[in-house]
Amino acid sequence: MISRSSQYAQQIEQYVNAHRQELVDVLIDLISVPSVKGPALPGMPYGENCARALAKGRAICERYGMQTECYDNYAASAVCGQGDKQIGFIAHLDVVPVSDGWSSDPFTGIERDGFVVGRGSRDNKAGFAAALMAINCVRDLGIPLRSSLRILMGSDEESGMSDLVYVVEHCPLPDFSVVTDCYFPVAHGEKGRVCGDILLDIDTQKLRMHGGEAPNIIPDRCTAVLPGRAGELARIQALAAQCEGISAQAQGGDVALTAAGVSAHASEPFKAVNAIHRLASFLADSALLSGREARAVAYLKQAFGYYYGEAFGIQYQDEASGKTTLITGMVRTEEGALRVNVDVRYSVTDKKDRILPLLAASVEQAGWRFALREATDSHYIPKDHPVAQRLTGVFNAVTGEHKEPYVLAGGTYASKVPNSVAFGPGNAKEPSMMPYGPGHGDAHQPDESQHIGCLLDAVRIYAMGIIELDDILHSESGVG
């Protein structure tokens, strides 16, 4: 299945092993920028820290002799080599916010137990580091190519991908791109996404809730305040003691309730315990509320007790991508209402035009309001596409595995960029190697970690993948 790249496999392996520390150092350098999206500033659409991350990525690439360009701080790129075609790697340098539970400073990357630990170490600064090292490996070894090589750096992937929408509209694109933001092997399809808010009208003098930090993260913490009820603290604490993960304490004259859960990406709800649902269930079952407030928490308990969209009538599955998922990632109290986020990842053969009316009608029939934030199409190329087959062949050759291309539940830049697929750098066996306990170590979790050995494999895979893509781009059929 793979051809020219196999003759360079031994040289590539030796090169990568010799540059292990260099790879780790690049990743730790990137982690040092706390690139959580902030308020827009002049010339900085995603805030100062996301702009700093792009500047850091450019500076690193320039140290390796690449020519860089900034696209109005939406994104940036670095280019090297010559050719009539161009191979791209796309990574995002923004990260999700930090929750409690870290055992080290999230933005001081450290090497520990064979991992690099820090926010963004897995998602997605490792992808940038692996692509950069692979490009330099191919260049330093003098492997002949007919294509130039380019890294595209985004800075709004976690909050909607408007960065790459801007790039697609305003900038030239590579002939084919690898998005470095998933597990190996090739993700030949990606589920579509619908994101919106349910607005539940309540009396905020009787209930306030706050939980979650981003729509695409299942939260591990949610709080509720019962105003003016400190006199009932002992009774409420006794009720909380009967429920796993619930605690209560006085907060001035109020009672503050906290639910602890287990965080995970929105596309993998089966790995999580949603703190919003846990707290709403406690409030509904304990009969601490009445009227609209009781109806609101009962609705949250019922609506998000399942995570395949059953409560909204949008359940669906197909052979290529499995089941549609639906979760809530955020709840806020604002202007006399609870604003509850909904994140749907729908199967590749389904349509957003089927889902949206059902979702909105279900919410409205329950007596609440629905506000759409975003609806994106699914992304799909055939499993037997030359890119899917040959890049998967590279992964299998390097790792000794026998995997097939698959469909990704979470969305990546590949859904926005023509002629692209998501491909690594993650290895599916890696989470089982993490030594930090449940709810720690994976993307979006406390103690987010990247296994160094798996990242070294990713560099090998990307280096050989460059050679295969160069051949495909210059074949008679190309990537069409």
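**Exercise 1.** List which residues line the largest cavity, and give its volume.

*Solution.* Step 1: the lining consists of Tyr15, Val16, His19, Leu23, Met133, Leu456 and Val459. On a 1 Å grid over the protein atoms alone, a cavity is a set of points where a 1.4 Å probe fits but cannot get out, and lining residues have an atom within 4 Å of a point. The model is predicted: local features need pLDDT of at least 70 and side-chain atom pairs pLDDT 80 or more, while totals for chains, interfaces and linings use all residues. Residues are numbered from 1 along each chain as its sequence is written, and side-chain values use heavy atoms, without hydrogens and water.

Step 2: the volume of the largest cavity is about 40 Å³, a volume being the space filled by probe spheres set on the points, which are joined across faces, edges and corners.

Step 3: helix 1 (9-18) and helix 11 (452-473) each give at least two lining residues to this cavity; helices are DSSP runs of H or I, at least four residues, and strands runs of E, at least two, numbered from the N terminus.

**Exercise 2.** Describe the largest pocket by volume and lining.

*Solution.* Step 1: a pocket is an open set with protein on both sides within 12 Å along at least five of seven lines. The largest pocket has a volume of about 870 Å³.

Step 2: its lining has 47 residues, with Asp181, His265, Ser267, Leu408 and Gly410 nearest the centre.

Step 3: strand 24 supplies the largest share of this lining, three residues.

**Exercise 3.** State the volume of the second largest pocket and which strand gives the most to its lining.

*Solution.* Step 1: the volume is about 250 Å³.

Step 2: strand 13 gives the most, with three residues.
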